[in-house]
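Here are some notes to read beside the structure. Please keep the model open and find each residue as it comes up.

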Amino acid sequence: MANYKVAEIFSSINGEGPRQGQLALFIRMQGCNLDCSYCDTRWANGGDTIFHWTSTEEILDLIRDMQIRNITLTGGEPLCQEDIMELLLALAAEPWIRVEIETNGSVDLKSFAEIPNAPSFNMDYKLPGSGMEDKMIPENFAVLSLKDTVKFVVKDHSDLLRSRDLIRTYDLTEKCMVFLSPVYGEIDPEDVVNFMKCNQMNDVTLQLQIHKVIWDSELRGV
């Protein structure tokens with residue numbers, strides 16, 4: 001039975017994504033292979049982050065006890081966890097839950113998408129403002145389906161331009177859901193809306209992180 005480095009587990013509402021506002025159970029894995037300029041979970045990413053070794057069975061038992069249907073695996077980067085496939089296969093065998101993986105765009109998704117009853121992906125493709133775009137795997141766009149999401153976190157006008165070009169080049173609104181998410185405190189959401197209007201960005205959704213509206217933006221476990 002595999003064990004995983006779990007930084008925290010908590011129940012809350014989805015602050016973003018297609019099930020925004022719905023109750024969810026978050027399983028945050030320790031560690032990340034990127035270092036984005038605007039990262040709001042850097043505390044969970046370092047080698048010195050406190051974590052608990054947690055087994056597949058312990059995670060399943062907790063899910064069954066809490067009876068929360070939406071399960072979000074997040075991080076850091078959860079797909080960098082050793083033996084993560086074991087956990088994903090076990091979760092896929094529980095037909096009553098819906099599993100979403102928040103992944104950073106730098107991990108090849110093909111093998112994970114081939115799991116029967118595969119999880120949905122919320123792939124955060126990193127734009128220039130993150131400082132990490134060179135780590136992205138554009139081939140992941142071809143793996144995504146209508147149940148999946150591409151999230152573009154936009155920090156400035158250059159990020160908006162780059163997101164527009166990627167959406168058009170890869171015809172993303174025909175493949176999956178597409179969200180634009182302003183970096184909290186860095187860019188005015190009104191500017192994002194105006195850009196969407198000027199560029200006829202149909203079927204793209206503006207996403208505000210409602211957990212940062214409800215609670216303090218620095219608060220953990222919400």
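1. The model is a predicted one. By this count the protein has seven helices and nine strands.

2. How compact is the protein for its 222 residues? Its radius of gyration is 17 Å, close to the 17 Å from the globule rule, so the protein is as compact as a globular protein of that length. The C-alpha trace spans about 50 × 35 × 30 Å along the principal axes.

3. Of the 222 residues, 51% count as buried. If we take contacts between residues at least 6 apart in sequence, 71% of them join residues at least 24 apart. As for charge, there are 20 positive and 35 negative charges, and their mean positions lie 3 Å apart.

4. Asp 124 belongs to strand S6, which covers residues 120–125. Is Asp 124 buried or exposed? Its relative accessibility is 9%, and buried means under 20%, so Asp 124 counts as buried. Its side chain makes a polar contact of 3.0 Å with the side chain of Lys 126. Beyond its neighbours within four places in sequence, Asp 124 is in contact with residues that include Thr 103, Asn 104, Met 136 and Lys 151.

5. Asn 45 sits in the loop between strand S2 (23–29) and strand S3 (52–55). At 16% relative accessibility, Asn 45 is also under the 20% limit and therefore counts as buried. Not counting residues up to four places away in sequence, Asn 45 touches Gln 30, Gly 31, Cys 32, Cys 39, Gly 75 and Gly 76.

6. The peptide bond that joins Gly 75 and Gly 76 is cis, with omega about 10°. Most peptide bonds are trans.

7. Helix H4 runs over residues 157–169 and contains Ser 158. Ser 158 has a relative accessible area of 47%, so it is partly exposed. Ser 158 and Arg 168 are ten residues apart along the chain, and their C-alpha atoms are separated by 16 Å.

8. Asp 171 is placed in the loop between H4 and helix H5 (172–175). Its phi is positive, about 50°, although Asp 171 is not a glycine. Most residues other than glycine have a negative phi. With 42% relative accessibility, Asp 171 counts as partly exposed.

9. Where is Asp 203 placed? Asp 203 lies in the loop between helix H6 (189–198) and strand S9 (204–206). Asp 203 is a residue other than glycine with a positive phi, near 65°. Its relative accessibility is 60%, and exposed means over 50%, so Asp 203 counts as exposed.

Conventions. Residues numbered from 1 in each chain as written. Predicted model: local features only at pLDDT ≥ 70, side-chain atom pairs only at ≥ 80, totals over all residues. Heavy atoms only, no water. Helix = DSSP H or I, 4+ residues; strand = E, 2+ residues; numbered from the N terminus. Rg over C-alpha atoms; globule rule 2.2 N^0.38 Å. Buried < 20%, exposed > 50% of the residue type's maximum accessible area, 1.4 Å probe, protein only. Contact = heavy atoms within 4.5 Å. Lys, Arg positive; Asp, Glu negative; His and termini not counted. Charge placed at Lys NZ, Arg CZ, Asp CG, Glu CD. Polar contact = N/O pair within 3.5 Å; in protein donor to acceptor, adjacent residues only side chain to side chain.
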